[in-house]
Structures are given as C-alpha cells and as structure tokens.
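Good morning, and thank you for joining. I would like to take you through the pockets of one protein model, and then through some of its strand pairing.

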Amino acid sequence: TSDSRFEVLDFGGSLGSTYFHNHDLLRDFDLRWTVVEQKAFVDAGIRHLETAALKFREEIPVADGGPNPNVVLLSSVIQYLEKPSETLEKLLNLRPEILIVDRTPFSEEKEDSLMVQVVGKPYYEGSYPMWVLSRAKFIASIPRTYELVAAFPGPEGSVFRAGKEIRFEGYIYRRVSSEV
C-alpha cells in the first residue's frame, strides 16, 4: 500500500487464522484487521481473540467515504456464497487498493456452475454446495480500475468433473485508478 496503514477486510476469515499466520510480517505497519464472518465466529472472536488490531463483524461495512480497508482478502470463501458476484461487487465498492482472491475453484466454462463438495475423514463427514467460477466471467467482472498483479495456483491443485479440469487459483489485483 502507499503508506504504513494496513487495513485488511478478511471476508470469511474464520477466527483470524490468516491474521495470526502473517502478524509477524506486518508488525511494522499500522495494522487493523477486520474479519467479516457468520455470527457464531464473530461472537467467539469478540469473546476470545479481539484486540485493538483484530476486530470481528457480521456485515460488510458500507462505503461511506470514511476509512475503507486498503486490502480485501477472500481466501477459500467466495465459492461457498449464495451469490458470489454480488458479494464481490459490494467488496469492490469499498475501493480497496488491493484485492486478493485465493484458493478459489475456476473452470474454462462460460458460466459459473454449482457442485457439491464432499468432506470426509480425517476431518468430518459433510457436504456443501460450492460454486465453480468461470475464469473468464470472473476476470471480466473486475473493474478496469484494477490491474492483475499476480496469478498463482492454490494448494488444493486441480480436480476433474465430467472430464473437465477445475483449478483452484489465486489472483492479486491492484487499483490503478480512482475512477469509478
């Protein structure tokens, strides 16, 4: 970022695991890290982990001309949302300097598709609806005021569905213009 202020909005950030993994790297910054999560996580975070630098809340803040986050982080979360593109748009309305989308499944298809992710042992048994995002559609949804800085593979690698590859990937965008 352009100054020592490092204000992160970690959407779907659980109990701040990315904050704790990177805290030592960011200790020289004026760091404020806000996790936006479901109520149970927010309640537990506030009760057990919240500090002056680490906050928990249930809602995306409104872009009101006040201090907005200069970094928005979406790590392994957007694919589990009911309406991923609407959430992404709300977050981009905050006009962060940096957008990080990580550990997200993408395909070469023209449209997003819905599948079921099955979780098994050794973790727990369960299943979740999960979006596989169209890479082209996702890239087209990022405003021209942002440039792609980095693209990288996710640690999950690739899976195949109906003979088609789904790759978990990450992207980092930087805002290059203040135009809307």
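Let me begin with a term: a pocket here is an open set of grid points where a 1.4 Å probe fits, with protein on both sides within 12 Å along at least five of seven lines, and its lining residues are those with an atom within 4 Å of a point. Please bear in mind that this is a predicted model.

The largest pocket has a volume of about 770 Å³. Its lining comprises 28 residues, and those nearest the centre are Phe11, Gly12, Gly13, Glu37 and Val77. At least two lining residues come from each of β1 (5-11), α1 (17-22), α3 (84-92) and β5 (98-107). Sorted by class, this lining holds 10 charged, 10 polar and 8 nonpolar residues.

I turn to the second largest pocket, whose volume is about 480 Å³. It is lined by 16 residues, with Ser76, Tyr80, Gln117, Val119 and Tyr128 closest to its centre. Two or more lining residues are given by each of β6 (113-119), β7 (126-134) and β8 (146-161). Which element gives the most to this lining? That is β6, with 5 residues. The class division for the second largest pocket is 11 nonpolar, 3 polar and 2 charged.

Finally, the strands. β5, which also contributes to the lining of the largest pocket, runs antiparallel to β9 (residues 164-175) and is joined to β9 by 7 bridges. Within that pairing, Val101 has Tyr171 of β9 as its bridge partner. β9 also pairs with β8, again antiparallel, over 11 bridges, and Tyr146 is partnered there by Arg175. β8 and β9 form a hairpin with 2 residues between them, and Ala162 in the turn has a positive phi of about 50°.

How values were computed:
Residues numbered from 1 in each chain as written. Predicted model: local features only at pLDDT ≥ 70, side-chain atom pairs only at ≥ 80, totals over all residues. Heavy atoms only, no water. 1 Å grid on protein atoms, 1.4 Å probe; cavity = no way out; pocket = protein on both sides within 12 Å on 5 of 7 lines; lining within 4 Å. Points joined across faces, edges and corners; volume = space filled by probe spheres on them. Helix = DSSP H or I, 4+ residues; strand = E, 2+ residues; numbered from the N terminus. Nonpolar A, V, L, I, M, F, W, Y, C, P; charged D, E, K, R; others polar. Pairing = 2+ DSSP bridges.
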